[in-house]
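Visitor: Could you take me through one part of this structure, the surroundings of the ligand, in some detail? I would also like to hear about the strands that go with that part.

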Amino acid sequence: MADDLRLRSVDGVNSAMTGAPAPPAVRLDTVTRTYGPLRALDGVSWAFPRGGFTAVMGPSGSGKSTFLQCASGLDRPTSGTVWIGGTDLGRLRETALTQLRRERIGFVFQAFNLIPSMDVEENVALPLRLGGRAVDRDRVAAVLERVGLADRMRHRPSELSGGQQQRVALARALVTEPEVVFADEPTGALDPRTARETLRLMREAVDLAGRTVVLVTHDPVAAAWADSVLFLDGGRIVDELVSPTVASVLARWDGVAA
Ligand SMILES: Nc1ncnc2c1ncn2[C@@H]1O[C@H](COP(=O)(O)OP(=O)(O)OP(=O)(O)O)[C@@H](O)[C@H]1O
Ligand SMILES: [Mg+2]
């Protein structure tokens, strides 16, 4: 199954490349990440289409976070190649890779990773400042408006609920208008209602702004917001589910976890 999927995805990239000039948003080619003898990622190949919303599921320890970190340039694979758009990350030195992450990628994590001493506006503006860009306050205000926090600009993270903090983190991820947003269990610490709000905003970023989203999650409800779900097991992609529903994710999950 894994080999079939690998071939299918690589074929897909090839035909897309001859037919259309735009490469996929993210592409991995036989990416392996080892920790000593452990193959946390084991020869993974996949192409993420532009403007697509993909969920990544799998048992604990199956390599989801490792996958996300390699695909986003936070970590370097032991072997194999990762492209963001047309850029081969393996060819970039550390400073260029950092710059690429700042300019072209947005990150959201389960622990919101906001700066406690900064207010909401400053937290959201941070990627612009770090990237040496002029801080366009209208843009910051617009993205906060989009996530429903325009009236919270002067609040510190500690003065917000978990759901509100995650929306600040999402605004921070979107403010640079990145090509790809990588999210690692962003709803893991949220109750179902605030989780749904975060997912709706990610869905909107795809549908209205054309962002590409890669979402690691344990939650079939969260995965059902995506266009497709990849299942990882033992560091390999073992299945893909297109147009998922909660019921179909649960049914497939039983197969992977069995
Ligand atoms: N820095 C590291 N050093 C050694 N082993 C690691 C390291 N990071 C991850 N691993 C191992 O690699 C494997 C995959 O880990 P990973 O964090 O990618 O799993 P995951 O699917 O994200 O799990 P979870 O659902 O629990 O978050 C695990 O066996 C883990 O112990
Ligand atoms: Mg993880």
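**Around ligand 1**

Guide: Happy to! By class, the shell around ligand 1 is made up of seven polar, four nonpolar and two charged residues. Please keep in mind that this is a predicted model. In total, 13 residues surround the ligand, and the closest are Ser-60, Gly-61, Lys-64, Ser-65 and Thr-66.

Let us turn to the polar contacts. A polar atom in the side chain of Thr-66 sits 2.6 Å from an oxygen atom of ligand 1. At Gly-63, a polar backbone atom is 3.0 Å from an oxygen atom of the ligand. Tyr-35 takes part through its side chain, where an N or O atom lies 3.4 Å from a nitrogen atom of ligand 1. Taken alone, ligand 1 exposes 640 Å², and the protein buries 58% of that area. Two elements, β2 and α2 (64–71), each give two or more residues to the shell. Of these, α2 gives the most, with three residues.

Now for the strands. Tyr-35 brings us to β1, which spans residues 26–35 and pairs with β2 (residues 38–48) in the antiparallel sense over seven bridges. Within this pairing, Thr-34 has Arg-39 of β2 as its bridge partner. Two residues separate β1 and β2, which form a hairpin, and Gly-36 in the turn has a positive phi of about 60°. β1 also pairs with β4 (residues 79–84), again in the antiparallel sense, over five bridges. There, Leu-28 stands opposite Val-82 of β4.

Conventions
Residues are numbered from 1 along each chain as its sequence is written. Chains are lettered from A and ligands numbered from 1 in the order in which they are written. This is a predicted model: local features need pLDDT of at least 70, side-chain atom pairs count only at pLDDT 80 or more; totals for chains, interfaces and linings use all residues. Side-chain values use heavy atoms; hydrogens and water are left out. Two strands pair if DSSP finds at least two bridges between them. Helices (H or I, at least four residues) and strands (E, at least two) are DSSP runs, numbered from the N terminus. A residue is near a molecule or strand if one of its heavy atoms lies within 4 Å of it. A polar contact is a pair of N or O atoms within 3.5 Å; within protein, one must be able to donate a hydrogen and the other to accept it, and residues adjacent in sequence count only if both atoms are side-chain atoms. Accessible areas come from the Shrake-Rupley method with a 1.4 Å probe; for residues, only the protein chains shown count as cover. Ala, Val, Leu, Ile, Met, Phe, Trp, Tyr, Cys and Pro count as nonpolar, Asp, Glu, Lys and Arg as charged, and the others, Gly among them, as polar.
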